[in-house]
Amino acid sequence: MAEVVRITPRAYCKIILHAAKYPHCAINGVLLSDNKRDKKGKLTIVDSVPMFHICLHLVPMAEVALTMVDAMAQSQGLVIAGYYMANEALDDMSVDKPATRIADKIAEASPNACLLVVDNRRLSLTMEDPALRVMHSIDGKWKEMEINDFVVEPDSTEAAATLLHRHADKHLIDFDNHFDDIRHDWRNLHLNQDIEILTTPEALVK
Amino acid sequence: MHWSEARDLVRKWREDNARKSQELVEIWESTLKDKVHKLGDEQFQVLEQVCIGAIDCHRIDVAEYCLKKLTSQFKDSSRILLLSAMEFEAVEMYDDAIEILDAMIKRDETNPAPRKRKIAILRSRGRTIEAIKALTDYLKRFAIDQEAWQELCDLYLIEQEYGKAAFCMEELILHNPHNHLFHERLAEIRYTQGGFDNLESARSYYCQALKLNRNNMRALFGLYLTAYSIATSQKCVSAKKKEAHSLMSWAMKRISQRYKETAADKSQIDALEGLMGSLQLGSNSNL
């Protein structure tokens, strides 16, 4: 099968930085797509929004965060098209029930939605490997995708490695940070620019 | 950085219980390692602190170095034994860690630390159910250990045992009636459980959290959501509906005020209005 899901550096780096900022916590967040599916139903994940690291299993703040992200996405012509997570334990790659509930909800609204699980064991400072497990919903069940069905865009892993070296993870903001102090912006606009420069060297020349 | 500054900083982290492992190991390697003898008796506390930080960052070489220094000073200390068990844990040699911990428990039954490490090992191996059982046994002996109640609450939440998680939070509120975070967390659990009675309970705990700290954003948002759900519930009588509406408008006013005070960025306020707009349309997602 041809490529179905494409993950851009912007979406990818934020996921990795979120996992790196809280190495001792489970984390989650949502994926945004540009909603421009071609005929083959290809999905491009253009951005990601980190949600929580403190308590992933309670509903109220997730409802607030999802509604706020949805409003922001709509204003930019994007849609929530997936969910990402990393578990607390190193070898744990499972998707627990509360996570499935959010992911199912997203899949209801956005067919083709995907679910990313970070493979903690494969994370490293050099990021030679995307360290992601990509799943999609088939008849209401989350199944792992074939390795050829998804692409993490070139330069993504290198950009993530460079950002990790710069300790950029310290400046990543998730919704827990936002609720602790609402001056912190969960859109992480400051990172967008850094990722842009790292992935398109021409941007520097201009 | 001068070594005395480094000492003061590291001391502050130790006293605040801050988990700054990476920074700690960096300071250790750049400044403190060569000057540690100047610290007098405090050096042993620093060595212990750095050892734990190094284990946290998987810098086994640093941990090993600290542990060696400590062992030469204190031959048979249970604090040192605990560190060596943690080092085994870090390299995933769990059986060796458990052997040390069991010996420690045998030697001193009243020492909670090795028992807690054993529960932590169950957790890192993903055995949540066994960890819950061990932790409830532990709490029968050490019922005032608040950290343990909090951990048990988290474990129940993973298992989606909301009623039991709520019990743990109630226990914590009894220990700390003035901590707004516990009230907020209990409200969140009640809201997650759903149903009219739980929503009413959530509302009370959110209100109490806000009474203790009027700037708790999670509680403000939570109160708004809860009051909204109460107002739109079929079980709600009209007097309560009125009360719920006034809570909603109060919470909304406080939230907008907070955003206008701090987040100058207009798009944040737009996102907020989007949130309230979609709720008023009645599309409460109720995950």
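Which residues of chain B does UniProt list for "domain: EMC2 TPR-like"? The unreviewed UniProt entry assigns residues 83-189 of chain B to this domain. The model described here is predicted. In this model, chain A and chain B bury about 3,300 Å² between them, and four salt bridges are counted between the two chains. Over all chains, the structure holds 39 salt bridges.

**Interface between chain A and chain B**

- The contact draws on 37 residues from chain A and 38 residues from chain B.
- Of the area that the two chains bury between them, 60% lies on carbon and sulfur atoms. In chain A, the residues that lose the most area to chain B are A:Leu58, A:Glu63 and A:Ile182, which together account for 20% of what that side buries.
- Between the chains there are seven residue pairs in polar contact, both residues being at pLDDT 80 or more. On the side of chain A that touches chain B, two or more residues each come from helix H2 (59-75), helix H3 (97-109) and helix H5 (175-180) of chain A.
- H2(A) gives the most to this side of chain A, with ten residues.
- By residue class, the side of chain A that touches chain B divides into 18 nonpolar, six polar and 13 charged residues.

- B:Arg123 counts as buried because its relative accessibility is 19%, under the 20% limit.
- B:Glu151, at 26% relative accessibility, counts as partly exposed.

**The annotated span of chain B**

- Residues 83-189 of chain B are 80% helix and 0% strand, and the end C-alpha atoms of the span lie 35 Å apart.
- B:Glu161 is found in the loop between helix H9 (146-158) and helix H10 (162-175) of chain B.
- With a relative accessible area of 33%, B:Glu161 is partly exposed.
- The C-alpha atoms of B:Glu161 and B:Phe182 are separated by 18 Å, the two residues being 21 residues apart along the chain.

**Other salt bridges within chain B**

- B:Arg7, B:Asp8, B:Arg11, B:Arg14 and B:Glu42 are linked in a network of salt bridges.
- One of the pairs in chain B is B:Glu42 with B:Arg11, the closest N and O atoms lying 2.8 Å apart. The pair links distant parts of the chain, as B:Glu42 belongs to helix H3 (residues 42-56) of chain B and B:Arg11 to helix H1 (residues 3-16) of chain B, 31 residues apart.
- B:Glu42 is buried, with a relative accessible area of 13%, whereas B:Arg11 is partly exposed, with a relative accessible area of 28%.
- A further salt bridge joins the side chains of B:Arg258 and B:Glu261, at 3.6 Å from N to O.
- B:Arg258 and B:Glu261 are three residues apart in helix H14 (residues 238-262) of chain B, so about one helical turn separates them.
- B:Arg258 counts as buried, at 18% relative accessibility.

Key. Residues are numbered from 1 along each chain as its sequence is written. Chains are lettered from A and ligands numbered from 1 in the order in which they are written. This is a predicted model: local features need pLDDT of at least 70, side-chain atom pairs count only at pLDDT 80 or more; totals for chains, interfaces and linings use all residues. Side-chain values use heavy atoms; hydrogens and water are left out. Contact means heavy atoms within 4.5 Å. Buried area is the accessible area (1.4 Å probe) that two parts lose on being put together, summed over both. A polar contact is a pair of N or O atoms within 3.5 Å; within protein, one must be able to donate a hydrogen and the other to accept it, and residues adjacent in sequence count only if both atoms are side-chain atoms. Helices (H or I, at least four residues) and strands (E, at least two) are DSSP runs, numbered from the N terminus. Ala, Val, Leu, Ile, Met, Phe, Trp, Tyr, Cys and Pro count as nonpolar, Asp, Glu, Lys and Arg as charged, and the others, Gly among them, as polar. UniProt positions are given in the numbering used here, feature names are shortened, and annotations may be inferred rather than shown by experiment. Buried means under 20% relative accessible area, exposed over 50%, partly exposed in between (1.4 Å probe, protein chains only).
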